[in-house]
Amino acid sequence: MVPSLALICALVQTPGSPYELPIGRPGTWLVSAGRMTDMVTYAPSTPDDVARAARGKKFVFLGESHATVPHQQMQASIIDALARSGRKVIVGLEMLQRPKQAVLDQWSRGGMSEPDLLQKVDWKTQWGYDFSFYRPIFDVAQKHAMPVLALNVPRDWVRTAGKGGLTSLPQEAKNQLPADMELSNLQHRSVFQALIGAHPGMSAAALDNMYFAQVLWDEGMADTIARHMQANRQDPTTVYVVVAGSGHVMYGQGINYRLHRRGLGDGLSVVMLTSKEPLRVSNGLADYVYVSPMAMPGS
């Protein structure tokens, strides 16, 4: 039996900050604002350092605060560094849903203008944040002729699951998802609880449905990557760069965990946060932590 989220919340003591959970490498570190830090050596790091550390890795997970200018710029710089290091980069985006993949394929081949891309992927309703935040990522993908993947499952699935759990999903959704959604990862549940905070008065069943929706979200994006890997011959230099909200990659417990348990390869993670002051984080939060000096408009 999978334990209820309410029970887990009672058993797992969660510190005030979701960035200081006792998961992974022990201890914490005060990371400086305005730079990226290697969470093993604590050295200031660059996108080229990340590219070197990613040698032999199949995945690089870039966890962002959405629509935060320094974060998307850093993501573009890391993607560019990976390409310059000789890697064949495939960029996967949380921001777009699977049914839009044919449009992205056409854009990747150079057969579509930016206005046409935004109209055909229905950017405003698919994601909502202004495209200008994410233009640097698309520009670097276009510069290096990189494939771009729409990672997300249809949002209606996540909303439906959040209200009614697995049984509420339409059969179409169930047919496209892994049979084993793996709901018993206690570390992932503690990350989830720290991120959502307290919900007084919410029933245990409602909390469990919320957790299932999060698992579906992560598992769905991992499944999109797995399907692409299965359908395409894997070059030894290929690396999948996953661009998603930080909650989907923190502590190696989100999309990264879902891919690792499938045995599809190792990865490293960069979690991106915002703070005007140095920020204390767990050593296990990510391989690298980038703290932009302040939250930009739209973040």
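A: Contact here means heavy atoms within 4.5 Å. This is a predicted model, where local features need pLDDT of at least 70, side-chain atom pairs count only at pLDDT 80 or more, and totals for chains, interfaces and linings use all residues. Residues are numbered from 1 along each chain as its sequence is written, and side-chain values use heavy atoms, with hydrogens and water left out.

Q: Which residues is D80 in contact with, leaving aside its neighbours within four places in sequence?

A: D80 is in contact with V140, K143 and H144. D80 itself belongs to helix α3, residues 69–84 (helices are DSSP runs of H or I, at least four residues, and strands are runs of E, at least two, numbered from the N terminus).

Q: Is D80 buried or exposed?

A: Buried means under 20% relative accessible area, exposed over 50%, and partly exposed in between, using a 1.4 Å probe and protein chains only. D80 counts as buried because its relative accessibility is 14%.

Q: How much space lies in the largest pocket?

A: Rolling a probe the size of a water molecule over the atoms shows where empty space is left. On a 1 Å grid over the protein atoms alone, a pocket is an open set of points where a 1.4 Å probe fits, with protein on both sides within 12 Å along at least five of seven lines; lining residues have an atom within 4 Å of a point. Points are joined across faces, edges and corners, and the volume is the space filled by probe spheres set on them. Here the largest pocket holds about 360 Å³. Its lining has 21 residues, with Y251, G252, N256, G267 and D287 the closest to the centre. β4 (59–64), α12 (255–260) and β8 (267–274) each supply at least two lining residues.
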